[in-house]
Amino acid sequence: MTLIDGKATAARVLEECRTSLTSLAASGVLPGLAVVLVGDDPASRAYVGSKDRTCRDLGMHSLKIELPASTTQEELLQVVRGLNADPAIHGILVQSPPPKHIDEAAIVRAIDPAKDVDGFHPENVARLALEDPSGFVPCTPLGCQRLLMEYKIPTEGTKVVVLGRSMIVGKPLALLLMAKGPGSNATVTVAHSRSRDLPAICREADILIPAIGKPKFVTADFVKEGAVVIDVGINRIADPSTKSGYRLVGDADFDAIASKCRAITPVPGGVGPMTIAMLISNTIKAARQIHGVAG
Ligand code: NAP
């Protein structure tokens, strides 16, 4: 069994980013990422902090905008419009989920698609479906694909089962892996909460990718002998033995399935670190496209 090391792979992606930043600097371009946090959800605050730190470590321009939970829709729209117009900013991300009174879809639609490094704007969703390489693919699906490619796990002609159909992970991941090209060309099945007999569907998979947000949901009877499991889930479960009182687990029951797998990602340390690395990579791509500098 191969343990797929997301931390080490993300570090390699960030090294590539560092090289790109040096070549962009020679063209006078400094990529900038703006991350907007509304409210004080602790998990969101931690994600925003680590995106900001990663940008700064690489010497990129990073703008962290923290707004109170009482921020109105119009106030948030004004912030987004300001960032759309800011020439120092190439990537804009509004951390999800915003407070309940905010219409998140309207905020995403307000982001300039050329700066939508999360890949959630309808124009970028369409570009992914159309296989237009100028679009932005959501970072977590991109990270899953990159892990498969880095570990030389072929996708062409294989059966992939994606468990979950969200716009953030499941759907874009399915589009990405069924597209034509390297790291794709798979036969993809998307299963969800209304699918019948999930274990049987999942047992068909050469590559199984759970993304449902249910701790240890995928047990041994979901996994074919020799399958690859890329676990997207990040779930907090109570653990009184830790200082924080909780620990992170995936959507797959790692200990129960690892011995059946040809390769598997751990949680934490699997897909998670890849998401931030791909965000940085998307921001550099946005800067290149905005300034017309070839990569
Ligand atoms: P989401 O928007 O809540 O979507 C969950 C999907 O899973 C839905 O399509 C839902 O089906 C399906 N589902 C839920 N319970 C199910 C069940 N019992 N059986 C089958 N399908 C079920 O979640 P998300 O944003 O995609 O995130 C999924 C997980 O990935 C979470 O643990 C999240 O923390 C994690 N995540 C990790 C990263 C990372 O960087 N590693 C990034 C994003 C998300 P229906 O559509 O039928 O309701």
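A: Arginine 127 and glutamate 123 are joined by a salt bridge, with 2.8 Å between the closest N and O atoms; the term requires a side-chain nitrogen of Lys or Arg within 4 Å of a carboxyl oxygen of Asp or Glu. The model is a predicted one, so local features need pLDDT of at least 70 and side-chain atom pairs pLDDT 80 or more, while totals for chains, interfaces and linings use all residues. Numbering starts from 1 along each chain as its sequence is written, and side-chain values use heavy atoms, with hydrogens and water left out.

Both residues of this pair belong to helix α5 (residues 122–129) and sit 4 residues apart, about one turn of the helix. Helices (H or I, at least four residues) and strands (E, at least two) are DSSP runs numbered from the N terminus. Arginine 127 counts as partly exposed at 22% relative accessibility, and glutamate 123 is partly exposed at 37%. On this scale buried is under 20% relative accessible area, exposed is over 50%, and partly exposed lies in between, with a 1.4 Å probe and protein chains only.

Elsewhere, salt bridges that share partners join Arg12, Glu16, Arg146 and Glu150 into one network. Within it, glutamate 150 bonds to arginine 12 through a salt bridge whose closest N and O atoms are 3.3 Å apart. Glutamate 150 is in helix α6 (residues 139–150) and arginine 12 in helix α1 (residues 6–26), so the pair ties together parts 138 residues apart in sequence. Glutamate 150 is partly exposed at 26% relative accessibility, and arginine 12 is partly exposed at 39%.

Arginine 81 and glutamate 74 form another salt bridge, at 3.1 Å from N to O. Arginine 81 has a relative accessible area of 43% and is partly exposed; glutamate 74, at 39%, is partly exposed too. The whole structure has 13 salt bridges.

Now the nonpolar side chains. In the largest nonpolar core, which has 51 residues, Val160, Ile207, Ile209, Val228 and Ile230 touch the most other members. Such a core is a set of buried Ala, Val, Leu, Ile, Met, Phe, Trp, Tyr and Cys residues joined through side-chain atoms within 4.5 Å. At least two residues of this core come from each of several elements, including α1, α6, β5 (159–163) and β7 (207–210). Its largest share, 9 residues, is supplied by α10. Neighbours within four places in sequence aside, the contacts of isoleucine 209 (heavy atoms within 4.5 Å) are Val160, Val161, Val162, Leu163, Leu173, Leu177, Ile230 and Val232. A second, separate core of 16 residues includes Leu163, Cys202, Phe222 and Ile257.

On the surface, Tyr47, Ile234 and Leu248 make up a nonpolar patch with about 250 Å² of accessible area together. Patch members have over 30% relative accessible area and no salt bridge; like charges are joined within 9 Å and nonpolar side chains (Val, Leu, Ile, Met, Phe, Trp, Tyr) within 5 Å. Tyrosine 47 is located in helix α2 (residues 42–57) and is partly exposed at 39% relative accessible area.

Strand β9 (residues 235–238) pairs with strand β10 (residues 246–249) in the antiparallel sense over 4 bridges, where pairing needs at least two DSSP bridges. Isoleucine 237 is opposite arginine 247 of β10. The covered face of β9 carries Asn235 and Ile237, the uncovered one Arg236 and Ala238.

Technical notes: Accessible areas come from the Shrake-Rupley method with a 1.4 Å probe; for residues, only the protein chains shown count as cover.
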